[in-house]
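Open the model in a viewer and keep the sequence panel beside it. The stops below go from a salt bridge to a sheet, a hairpin and the cores.

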Amino acid sequence: MKKKLLALFLACAALVTAGCGSIGSDSPHWIDSSIKGNVTADTVVSLKDDFAAAANQDYYTSEDRNGRTIVNIARMVTDRKRALLTDDSVTGKGIEEVRKYAALAEDLAGRQTLGVTPLEPYIRSIEAITTAEELFAWIADADSNPLGASPVEVAGPGRSEVDPSSYYVMLGNSAFTLSRQNGASDAYFNMNESDLEKMVVVEGKVTCVLEKMGYTEDQIQSILDDTWQVEKTLAGIVDDSLTKEEEMTFTREEIAYIQGDFPMMEYLDQWGYGACNHFLADAKYLKAVDNVCSRYLEKMKSFLMVKYVLALGAYLDEDTARTFEQLEVPRGVTLEPDDRTEEQKADDKLFENQIGSTALVALLNEAYLDTYISPDVYDRLYGMTADLIDVYRDIFANEPWLSDEAKALCLEKLNALKIHVVFPDKGDYSDLSIVPAEEGGNFLEAALAVRKFGIRKSAALSAEKVDLNKWDPFTPMLSSTQTNSFYYPNMNGIYICAGILDDPVFTPEMSDEEMLAGIGTVVGHEITHGFDANGVQYDKDGVKQTWLPSGDQSAFGDRTIGVTSYYSGLTPFQGSGLYNGTRVQVEATADMGGMKAVLELASRKEQFDYDKFFRQFARVWSSQVSYDHERYMFEYDEHPLDYLRINVTLAQYDEFLNTYDIHEGDGMFIPEGKRVKVW
């Protein structure tokens, strides 16, 4: 045994950074073929021993890699969006507004010339406030206060648990710089190192901007000291014991009574929330805000000034924006390695941060879909998804470890699952107008205009009844051009996004085998999420409540332990150490669930080419990254490493083993009793 282990160690060392997966002496050992250079033209590897490496060897070693990976698709989507900004053949009000916004964002010389002057009128307007009445009037006026800065943070809409047919609007007490998930007060009364680091970042940003406005060091320090005192005072009022929605639910009339002199109703009406009648609030906090504003008027002004600086500094001159960006890099945190060019970084920042996170995403997406996506793909993808759902009906009906009650409930939820394919609902953006530079506009004002536009859309949605069939185009997290497909639990919906539709995941010309290996397994993966540890917290209507019987939950948990244990025994590449199986268990389980569903669907098709299918699946996850990037993904990503998504997933299924005549002794063979698939 010692000689065998020594030989194995020497073999791994000879591969330099090549990986050796290990879960025991009788388990397969695979190259981490996702790391660049680990697979060369001279690497001796077979489909039976290491499918990921062997199936992709030609691709990894070719000088001209014409094929794409999912990462390449994301790059292509960004490039296409970029092209839309200069393609005169693409017309329409939506894309024109995006172009005006992007032009202001990219006019670095113009931004540099303006410096911090676009922000100054708002800072000076806060300075000019002399009474509580003036403060309340300023807070409630969307023109004077276009940021909507306030000690009460308005957010939403969110799906109500008390009345699932309605949305709520949160009148939050989370408008704190140092807020934590476990409550605001901890950060101010039990400050830790992370809180102190956040304070340093805030003070650096505020100093950067206010110094350029001519404030002295003492004045800036006074503003910061005032801000921390106001935030600590407000944090001390927060009722951190509130955990249930019913304890925080109020009607509009009740909020009007609670607000005291604070202009909550006026504020909401200014921003378009007049028709909403379902609010979540900390009543104790909301009752006290008017008193804090009156008692600490000057300090509250400092608090609001800091809010403006923090929210809008990135939209000022390039020097300020760069300073903000540098300050935001957490100290002591390992960042994902980035091999993009500076131009690519700039493009991605524009789309991901300055457009993709705003309501503008709906306008850009509409132009993208009209230009690059054929309406014909809808029927094929919808039909495939409906077929997969039908397969899951059989899976649940015949799963031996599920009780009869659980089977019925799983089928009930599955039958209610909404399918959203590529094209969201059309949105109205007629009231958005970006003022270009030649007409006196600037980037900060454009950002505020987009923000106000987005809030109005949120306000309008908050007054509607929940419609599970609706795909809201103005919700950035539901962007149809993200390189993703996903399951959204509180709407019980599967979303297939246009941003993932390209080779190797899906093209209209693909055969059924190629389509199922790509977008089919992706969709199957996401449907599985509807029934995992998170999915079982939401019922068929997307309401958060546990619906799976406790015995079945326990049985499910017992089965996922096998997945966790399997991955926890792997050492994916030299020097990696053992995997954190708990972190990847959910996604690994979904990978296997998706593969099971697709293989069931394949069995219903005549003359299905399994070799073509499995090779295409390997191509979907054929990433090539640096050793440092792979280490980052190993340590932080909740998905298994790409080569393991291929090998571990496929090795669970007889269809794969039979296709390549894999038997005991082959590297891809896992005995029946040691396979870890849950479904």
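Is D390 buried, partly exposed or exposed? D390 counts as partly exposed, at 32% relative accessibility; buried means under 20% relative accessible area, exposed over 50%, and partly exposed in between, with a 1.4 Å probe and protein chains only.

The model is predicted, so local features need pLDDT of at least 70 and side-chain atom pairs count only at pLDDT 80 or more, while totals for chains, interfaces and linings use all residues. Residues are numbered from 1 along each chain as its sequence is written, and side-chain values use heavy atoms, with hydrogens and water left out.

**Salt bridges**

A salt bridge here is a side-chain nitrogen of Lys or Arg within 4 Å of a carboxyl oxygen of Asp or Glu. D390 lies in helix α19 (residues 377-398) and R604 in the loop between α24 (581-602) and α25 (610-620), so the pair ties together parts 214 residues apart in sequence. Helices (H or I, at least four residues) and strands (E, at least two) are DSSP runs, numbered from the N terminus. Show R393 and D394 as well; with D390 and R604 they are linked in a network of salt bridges.

Next, select D143 and K452, whose side chains form a salt bridge at 3.7 Å, N to O. D143 is in the loop between α8 (132-140) and β1, and K452 is in helix α21, 309 residues apart. D143 is exposed, with a relative accessible area of 60%.

**The four-stranded sheet**

Stay with β1. An open sheet of four strands has the order β1-β2-β4-β3, with mixed pairing; two strands pair if DSSP finds at least two bridges between them. β1 (153-159) and β3 (249-250) stand at the edges, each with a single partner strand, so one side of each has no neighbour in the sheet. β1 pairs with β2 (residues 167-172) in the antiparallel sense over five bridges.

**The hairpin**

Move to β6 (residues 485-488), where S485 and Y487 point one way, F486 and Y488 the other, and all are buried. β6 and β7 form a hairpin with four residues between them, and N492 in the turn has a positive phi of about 40°. F486 stands opposite Y495 in β7.

**Cores**

Finally, select L171, M264 and I519, the residues with the most contacts inside the largest nonpolar core, which has 195 residues. A nonpolar core is a set of buried Ala, Val, Leu, Ile, Met, Phe, Trp, Tyr and Cys residues joined through side-chain atoms within 4.5 Å.
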